[in-house]
Amino acid sequence: MKISDIRIRKTYSANRLRAMVSVTVDSDFAVHDIKIIEGPDRLFVAMPSRKEENNVFRDIVHPISPEARQYLETMVLD
């Protein structure tokens with residue numbers, strides 16, 4: 001997997017949500033609505049999700065391996 005493009009779509013300053021980002025993978029696949037959130041100790045990346053009928057949020061798309069998640073998070077936050 002190679003991240004070929006990262007675009008900051010919108011930035012925020014009023015709450016913990018800091019930005020909405022779109023990522024293009026291998027110049028072929030785009031993922032929109034990735035969130036950059038300010039946690040208690042650091043910024044982190046939250047994948048796009050939707051709320052189910054039982055009020056639980058479930059990721060729509062996500063990295064499978066810890067290495068892929070670390071790569072994505074490092075690229076987005078850099």
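Tutor: A strand here is a DSSP run of E with at least two residues, and strands are numbered from the N terminus. Keep in mind that this is a predicted model.

Student: Where does N55 lie in relation to the strands?

Tutor: N55 sits in the loop between β5 (49-51) and β6 (57-59).

Student: Why is N55 called exposed?

Tutor: The cut-off for exposed is over 50% relative accessible area. N55 has 54%, so N55 counts as exposed.

Student: Which loop holds S27, and what is its phi?

Tutor: S27 is in the loop between β2 (17-25) and β3 (29-38). Phi of S27 is near 55 degrees, again a positive value in a residue other than glycine.

Student: Is S27 buried or exposed, and how do you know?

Tutor: The relative accessibility of S27 is 58%. Exposed begins over 50%, so S27 counts as exposed.

Student: What makes β1 and β2 a pair?

Tutor: The rule asks for at least two bridges. Strand β1 (residues 3-11) and β2 have 7, and their sense is antiparallel. D5, for example, has T24 in β2 as its bridge partner. A hairpin of 5 residues joins β1 to β2.

Student: Why is E73 called buried?

Tutor: Buried means under 20% relative accessible area. E73 has 13%, so E73 counts as buried.

Student: Where is E73 found, and which residues does E73 contact?

Tutor: E73 is in helix α1 (residues 66-77). Leaving aside neighbours within four places in sequence, E73 is in contact with R42, F44 and V45. Contact here requires heavy atoms within 4.5 Å.

Student: Why is D59 called partly exposed?

Tutor: Partly exposed is the range between the buried limit of 20% and the exposed limit of 50%. D59, in strand β6, has 37%, so D59 is partly exposed.

Student: Which residues does D59 contact?

Tutor: Beyond neighbours within four places in sequence, D59 is in contact with M47, P48, S49 and R69. As for T24, its C-alpha atom is separated from that of D59 by 18 Å, and the two residues are 35 residues apart along the chain.

Student: Now the whole chain. How many helices and strands does the protein have, and in what order?

Tutor: There are 1 helix and 6 strands. From the N terminus the order is β-β-β-β-β-β-α.

Student: How do you know how compact the protein is?

Tutor: The globule rule gives 12 Å for 78 residues, and the radius of gyration is 13 Å, which is close, so the protein is as compact as a globular protein of that length. The C-alpha atoms fill a box of roughly 35 × 30 × 25 Å along the principal axes.

Student: What share of the 78 residues is buried?

Tutor: Buried residues make up 27%.

Methods
Residues are numbered from 1 along each chain as its sequence is written. This is a predicted model: local features need pLDDT of at least 70, side-chain atom pairs count only at pLDDT 80 or more; totals for chains, interfaces and linings use all residues. Side-chain values use heavy atoms; hydrogens and water are left out. Helices (H or I, at least four residues) and strands (E, at least two) are DSSP runs, numbered from the N terminus. The radius of gyration is taken over C-alpha atoms; the globule rule is 2.2 Å times the number of residues to the power 0.38. Buried means under 20% relative accessible area, exposed over 50%, partly exposed in between (1.4 Å probe, protein chains only).
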